[in-house]
Amino acid sequence: MLVTLLTAPALAQTPPDAGRSLPVPKTLTLNHATLPIWIDASVAITENGAPNRAVWGEYTGRITELLQKPTSGGCLEVGPAYEETPLPPPRGTLDR
């Protein structure tokens with residue numbers, strides 16, 4: 001009986017069948033989010049090279065701007081992105 005109890009957790013931790021796999025979603029949106037956090041390349045850009053408004057919504061301006069830039073080694077240089085808060089509210093602790 002002791003052997004049965006000690007081997008049960010080891011059996012429960014065996015990996016799932018390697019032949020089974022779940023499909024990767026085309027988009028992934030978190031609850032209460034307005035835009036997806038993951039967009040598959042096959043749906044992100046339309047056939048004519050423009051951002052897919054069905055996926056991106058109205059936020060295609062910056063994406064269009066980036067797609068019009070020349071590539072360097074297959075990459076686009078996005079440049080720096082800043083979000084400044086001139087006078088952030090004081091925090092009570094480092095955790096907040």
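# Reading contacts and exposure in a predicted model

Mentor: Apart from its neighbours within four places in sequence, Asp40 is in contact with Pro25 and Lys26; contact means heavy atoms within 4.5 Å. This is a predicted model, in which local features need pLDDT of at least 70 and side-chain atom pairs count only at pLDDT 80 or more, while totals for chains, interfaces and linings use all residues. Residues are numbered from 1 along each chain as its sequence is written, and side-chain values use heavy atoms, with hydrogens and water left out.

Trainee: How many helices and strands does the secondary structure of the chain come to?

Mentor: Helices (H or I, at least four residues) and strands (E, at least two) are DSSP runs, numbered from the N terminus. Here there are four helices and two strands, and their order along the sequence is α-β-β-α-α-α.

Trainee: Back to Asp40, then. With which residue does the side chain of Asp40 meet in a salt bridge?

Mentor: A salt bridge requires a side-chain nitrogen of Lys or Arg within 4 Å of a carboxyl oxygen of Asp or Glu. Asp40 pairs with Lys26 in this way, at 3.8 Å from N to O. Lys26 lies in the loop between helix H1 (2-12) and S1, and Asp40 in the loop between S2 and helix H2 (41-44), so the pair ties together parts that are 14 residues apart in sequence. The side chain of Asp40 also makes a polar contact with that of Ser42, at 2.4 Å. A polar contact is a pair of N or O atoms within 3.5 Å; within protein, one must be able to donate a hydrogen and the other to accept it, and residues adjacent in sequence count only if both atoms are side-chain atoms.

Trainee: Is Lys26 buried, partly exposed or exposed?

Mentor: Relative accessible area sets the class: buried is under 20%, exposed is over 50%, and partly exposed is in between (1.4 Å probe, protein chains only). Lys26 has 47% relative accessibility, so it counts as partly exposed.

Trainee: How many salt bridges does the structure hold?

Mentor: Two. Besides the Lys26 pair, Arg62 forms a salt bridge with Glu65, with the closest N and O atoms 2.8 Å apart. Arg62 is partly exposed at 39%, and Glu65 is partly exposed at 41%.

Trainee: Which residues does Thr60 touch, not counting those up to four places away in sequence?

Mentor: Pro51 and Arg53. Thr60 is in the loop between helix H3 (53-56) and H4, and is buried with a relative accessible area of 6%. The side chains of Thr60 and Arg53 make a polar contact at 3.3 Å.

Trainee: Where is Ile63 found, and what does it contact beyond four places in sequence?

Mentor: Ile63 is found in helix H4, and its contacts beyond that range are Pro51 and Trp56. Ile63 counts as buried, at 19% relative accessibility. Ile63 and Ala50 are 13 residues apart in sequence, with 8.7 Å between their C-alpha atoms. Ala50 is in the loop between H2 and H3 and is partly exposed, at 31%. With residues up to four places away left out, Ala50 touches Ala44 and Ile45.

Trainee: What should I look for in the phi of His32?

Mentor: Most residues other than glycine have a negative phi. The phi of His32 is near 65°, a positive value in a residue other than glycine. His32 lies in the loop between S1 and S2 and counts as exposed, at 84% relative accessibility.

Trainee: Which residues form the nonpolar patch on the surface?

Mentor: Patches are made of residues with over 30% relative accessible area and no salt bridge; like charges are joined within 9 Å, and nonpolar side chains (Val, Leu, Ile, Met, Phe, Trp, Tyr) within 5 Å. The nonpolar patch here consists of Val24, Leu28, Leu30, Ile37 and Trp38, with about 510 Å² of accessible area together. Accessible areas come from the Shrake-Rupley method with a 1.4 Å probe; for residues, only the protein chains shown count as cover. Leu30 lies in the loop between strand S1 (27-28) and strand S2 (38-39) and is partly exposed, at 49%.

Trainee: What do the totals for the chain come to?

Mentor: Buried residues make up 10% of the 96 residues. The accessible surface is about 9000 Å², and 60% of that belongs to carbon and sulfur atoms. Of the contacts between residues at least 6 apart in sequence, 4% join residues at least 24 apart.
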